[in-house]
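This briefing is for a reader meeting the structure for the first time. Please look over the sequence and the model below before reading on.

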Amino acid sequence: MALVTATARSGRRAAPPRGGGGGHGRGGATWFLVLPALLPILILSVGPLLYGIALSFTDAQSGRTRSTQWIGTLNFQDLLHDTLFWDSFRIGLLWAVGVTVPQFVLALGLALLLNADLRMRWLARALAIIPWAMPEVVVGIMWRLVYHPDAGILNETVRDLGLGDGRDWLTGLATALPAVIVVGIWAGMPQTTVALLAGLQNTPHELHEAAALDGAGAWRRFRTVTWPAIRPVALAVTALNFIWNFNSFALVYVLTSGGPGGRTRLPMLFAYEEAFRYGQFGYAAAMGCVMVAVVSVLLAVFLAGRLRGGDDA
């Protein structure tokens with residue numbers, strides 16, 4: 001009996017771990033499955049980013065016969081004294097905040113409306129995402145027609161209401177940036193609405209019923225039930241919208257090309273002009289690095305504040 005027991009114990013100790021000792025094999029299989037999704041990111045995102053960082057330390061210019069020399073931080077030193085670039089950066093921040101904040105507020109209201117039990121709700125949801133289905137170039141052309149000084153529907157409405165003769169919204173120094181911000185809000189609302197609507201639909205309906213039975217009004221139910229449920233979604237979509245809006249190019253390029261007088265020249269437009277109009281690839285790459293660094297810091301501060309606020313709650 002003792003011999004059998006000892007043999008059984010030794011057999012249990014000698015038995016290989018479940019899975020045939022394939023911990024390393026499972027890790028290799030995992031990487032093999034992830035690789036098809038990882039390769040495009042490495043090739044199309046990480047690779048160009050690293051190349052752009054390296055390019056920012058050179059004097060790369062357009063032209064097949066021009067040689068590229070390593071110049072260290074000279075491009076970044078020039079950027080520190082480039083008032084045009086920092087003006088464009090200020091405009092970019094005004095644009096990003098001016099679009100992101102109203103966009104979120106309006107999209108939240110629209111999501112709450114579309115989440116209510118209304119007739120023809122499916123049609124309203126379909127109409128709400130139409131701007132999302134339109135390319136930015138088409139949106140820009142359409143709104144240029146809306147803002148047209150002579151035949152635009154906006155100025156025609158102003159004249160019909162007796163509010164004046166209208167104005168050229170996209171070429172006025174005081175109206176160009178607000179007019180473009182309105183277009184950015186309209187074009188970006190659908191994806192924000194869809195994300196918030198998904199968060200609202202994942203909120204348990206029983207919580208609203210319990211709050212209503214306790215006598216909570218609409219605002220209190222929103223503050224104590226709805227907002228805590230959609231807060232992670234709101235945080236993510238706000239951060240992504242800020243990054244997307246700050247890096248906008250096509251919409252503003254079609255509407256104003258950065259004019260008038262640089263009043264709508266976003267940093268991406270400025271870098272584009274330096275690279276493809278003036279051929280200063282190294283200098284434009286340095287602009288890109290500065291934009292990535294500053295936006296990353298601002299985003300980290302924003303997320304840290306919001307997450308700290310969530311932890312305190």
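Predicted model: local features only at pLDDT ≥ 70, side-chain atom pairs only at ≥ 80, totals over all residues.

Leaving aside neighbours within four places in sequence, Thr-58 is in contact with Thr-68, Gln-69, Trp-70, Ile-71, Asn-75 and Gly-282.

- Thr-58 is found in the loop between helix H2, residues 23-55, and helix H3, residues 74-80.
- Thr-58 has a relative accessibility of 9% and therefore counts as buried, the cut-off being under 20%.
- The side chain of Thr-58 also reaches the backbone nitrogen of Ala-60, at 3.4 Å.
- Gly-72 lies in the loop between H2 and H3 as well.
- Gly-72 counts as buried because its relative accessibility is 17%.
- With neighbours up to four places away in sequence set aside, the contacts of Gly-72 are with Ser-56 and Phe-57.
- Between Gly-72 and Ala-54, which are 18 residues apart along the chain, the C-alpha separation is 9.7 Å.

**Overall make-up**

- The protein has 14 helices and 0 strands.
- Read from the N terminus, the order of elements is α-α-α-α-α-α-α-α-α-α-α-α-α-α.
- The protein has 313 residues, and 33% of them count as buried.
- Among contacts in the protein with a separation of 6 or more, 66% are between residues 24 or more positions apart.

- Helix H4 covers residues 83-115 and helix H5 covers residues 121-128; the two pack at an angle of about 155 degrees, with their axes 9 Å apart.
- H4 is therefore roughly antiparallel to H5, since angles over 145 degrees count as such.
- The crossing between H4 and H5 is left-handed.
- On the H4 side, the residues that meet H5 are Leu-110, Leu-114 and Asn-115. On the H5 side, they are Arg-121, Ala-124, Arg-125 and Ala-128.
- Sorted by class, this contact of H4 with H5 has 4 nonpolar, 1 polar and 2 charged residues.
- H4 also packs against helix H9, residues 176-201, at an angle of about 40 degrees, with the axes 6 Å apart.
- That angle makes H4 oblique to H9.
- Where H4 passes H9, the crossing is right-handed.
- The contact of H4 with H9 has 21 nonpolar, 8 polar and no charged residues.

**Phe-222 in helix H11**

- Phe-222 is found in helix H11.
- The relative accessible area of Phe-222 is 17%, so this residue is buried.
- Not counting residues up to four places away in sequence, Phe-222 touches Leu-108, Leu-112, Trp-227 and Pro-228.
- Phe-222 and Ala-211 are 11 residues apart along the chain, and their C-alpha atoms are separated by 9.9 Å.

**Ser-248, between H11 and H12**

- Ser-248 is found in the loop between helix H11, residues 218-246, and H12.
- A relative accessibility of 7% means that Ser-248 counts as buried.
- The side chain of Ser-248 reaches the backbone oxygen of Asn-245 at 2.9 Å.
- Apart from neighbours within four places in sequence, Ser-248 is in contact with Trp-95, Leu-266 and Met-268.

**Pro-260 and helix H13**

- Pro-260 is found in the loop between helix H12, residues 250-255, and helix H13, residues 267-277.
- Pro-260 counts as buried because its relative accessibility is 17%.
- Beyond four places in sequence, the contacts of Pro-260 are Leu-170, Thr-171, Gly-172, Leu-173 and Ala-176.
- One of these, Leu-173, is 87 residues from Pro-260 in sequence, while the C-alpha atoms of the two are 6.2 Å apart.
- H13 has these buried residues: Pro-267, Leu-269, Phe-270, Ala-271, Glu-273, Glu-274 and Ala-275.
- Just after H13, Gly-279 takes a positive phi of about 75 degrees.

Notes
Residues numbered from 1 in each chain as written. Heavy atoms only, no water. Axes fitted to C-alpha atoms, helices over the stretch in contact; angles between N-to-C directions. Helix = DSSP H or I, 4+ residues; strand = E, 2+ residues; numbered from the N terminus. Parallel < 35°, antiparallel > 145°, perpendicular 65-115°, else oblique. Left-handed = near helix turned anticlockwise from the far one by under 90°. Contact = heavy atoms within 4.5 Å. Nonpolar A, V, L, I, M, F, W, Y, C, P; charged D, E, K, R; others polar. Buried < 20%, exposed > 50% of the residue type's maximum accessible area, 1.4 Å probe, protein only. Polar contact = N/O pair within 3.5 Å; in protein donor to acceptor, adjacent residues only side chain to side chain.
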